[in-house]
Amino acid sequence: MNRRYTFWGVVILLAAFHLVILSAGFFSPYSYSEQHRDLPYAPPSRIHFIDSQGHFHVRPFVYGWKYDAHSPGSYVADLATPYPVHVFAFGSAYKIAGLIPSRIHLFGVDPPGSIFLMGTDGYGRDQFTRFLYGGQISLAAGLIAAALSLALGLVVGSIAGFYGGWLDNALMRGGDVFMALPWLYLLFAVRAALPLHVPQGQIFLLIVAVIGLIGWARPARLIRGVVLSAKERNFVLAARGFGASDFHLLRRHILPRTYNIVLTQMTLLIPQYILAEVTLSFLGLGIGQPLPSWGSLLSALQEYYVLASYWWMYLPAILLVPVFLAYSQIANALQELFSPVAL
Amino acid sequence: MKFLGRRLLHSGVILLAISFFAFLLLRSAPGDYFDAMRMNPRVSAETVENLRAQYGMNHSFLVRYADWMGSLAKGDMGISLAYGTPVGPLLWPRARNTLMLTGSAMILSWMLAVPLGVWSAAAKGGWLDRICSLFTSTLLVIPDLLVFLLLLLMAVRTGWLPSGGMTSGNFADLAVWQKAGDLALHFALPALGLAIVSLPLLLRHVRSAMVEVLDSPFIRAARGHGIPRSRILWRFALPAASNPLISLFGLSIATMLSASLIVEVILSWPGLGPLIIQAILSRDLNVVIGVVMLSSVFLIAGNLIADVLLFVSDPRIRVE
């Protein structure tokens, strides 16, 4: 009983996270390409309630950053002017769910003050904003690519399992070829076959297609196994005896038995594919500037001085851990739930 | 013998198929190495065409595939346009570096996984088991990239270990034993990183295989006979549990190679990883094909070794 609540708790948390990412425009104070050129690599803003005179404020406020006169290249808080944090502040224009134009952000401070919850990058762009917008790309890449892989796996697996014979042989040998390559090398080989410089709108589709297309072999094999055993079940044979068509048999009787595997594989594949996008973009073969993705946010860490001096640049990678944890919890729970069911 | 022959034949066919598909895929890629030259107004279109003809790039696909196979037989695998040399000699030293790295990481992670897995299975539910399972489930959700970056950060901040590369700048001047020490120091960070990211899965499998065997009647009988616990664990239970672990060894090579690609780039290890990325960025497609082929040779060879080991260790497979 207790575990059931934990499971649904994790599901709800994960869904809420996806919702926040989806409405990145509302939750982020800036737009993802807005540059604060005078504040490169500014550390995360601290939220204060008590000012330098010791007075308590109900409305939280932040201080601006100014250059530290004693150590060049670093910042100190400018205690002279506090900037109160406004809720439902007006800011840059964005579109709710990509449709309804709006200028209202969940929080923000009046210029010339600025609020950077996760610091800024080398162009002075707000990392928190870029993390949320980057999540749109990375999460969508993971979800769509996983759906693509599973759809392909479902089609190939059910055809191979249902019809058997030479078709089964050919399809599964094809899968063997795909699985005889280390996964990342395969990903790179396919990426190498595609143009390097692609217009921004297309690069996302391209990356999703590459990641999704190469992963079909393993789910196909699992689904084939289920179909193979399901088609010999008595109720399937009976339906066939009544003259049901192949398509009807697959749709009504056989494919519903594969949904467990599809669901479990989905929760396993999504984080793996998010990571694939992150890896590609980190290495400069995926989503590039100025579009943010979790991988391209991390690619700044390839510079030694960023890696060694600006700890907040790690935050996007560290925030991935709870997301992956949630997915793996759900995958484990599903596996436990489905394993006693005789397939 | 017949078994081995069949497996070898199967591997050969798969490699052939991979080479064909890799060739087909990458030859149909838009653009080539001379793209940058075409943009240059001082290079005439004729020159580019001549260069293409010189490298046989204007032949039909099948002719080029046959050419490539011929050059593969000589150990060349075509010509790298970026380096101006055959691909083969370019690959060997890098392949050796990658193999040394993944090999030592493999040994390290198995040497940690087996004792830890056996112990935590033997003391199921005890404190060691709980620490191990906490450790594995934490590590499993930390992205490889983050592990490598944090290790690099540690090296840069503390200066305990060199922060990249395979040798120090003054490597050529060192004595033999100093060279070995220098290499070992440079090995430590990437090998540790790879071992860390591959350990959790191995540990989990060793544990579950051992738990299953320890539950079986023959172990209970052995215990009843008063055979010492350590002898039961290592002499009776571990060999019985080794079957799935040998298959896992073959599978773990694939994950190890993929992880190695990332760690090599982050820690600038002169292996296949940086080479393939450079080759993709400069559209040096022969190198890409070479690296991809080599990686699949490693994987297939690893699986072959696992199959042979399984054949040797498990009499049931021999009878089949």
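Where chain A meets chain B in this predicted model, the contact (heavy atoms within 4.5 Å) draws on 40 residues from chain A and 43 residues from chain B. The two chains bury about 3,500 Å² between them, and 80% of that lies on carbon and sulfur atoms; buried area here is the accessible area (1.4 Å probe) lost when two parts are put together, summed over both. On the chain A side, helix 4 (165-179), helix 5 (183-192), helix 10 (259-282), helix 12 (304-309) and helix 13 (315-338) each supply at least two of the touching residues. Helices are DSSP runs of H or I, at least four residues, and strands are runs of E, at least two, numbered from the N terminus.

Buried residues (under 20% relative accessible area, 1.4 Å probe, protein chains only) account for 48% of its 343 residues.

Helix 6 (residues 200-214) of chain A has several of them: Ile203(A), Phe204(A) and Leu206(A) are among its buried residues. Their cover includes helix 3 (127-163), helix 4, helix 5 and helix 10 of chain A.

Residues are numbered from 1 along each chain as written, and chains are lettered from A and ligands numbered from 1 in written order. Local features need pLDDT of at least 70, side-chain atom pairs count only at pLDDT 80 or more, and totals for chains, interfaces and linings use all residues, while side-chain values use heavy atoms, leaving out hydrogens and water.

Note on methods
Buried means under 20% relative accessible area, exposed over 50%, partly exposed in between (1.4 Å probe, protein chains only).
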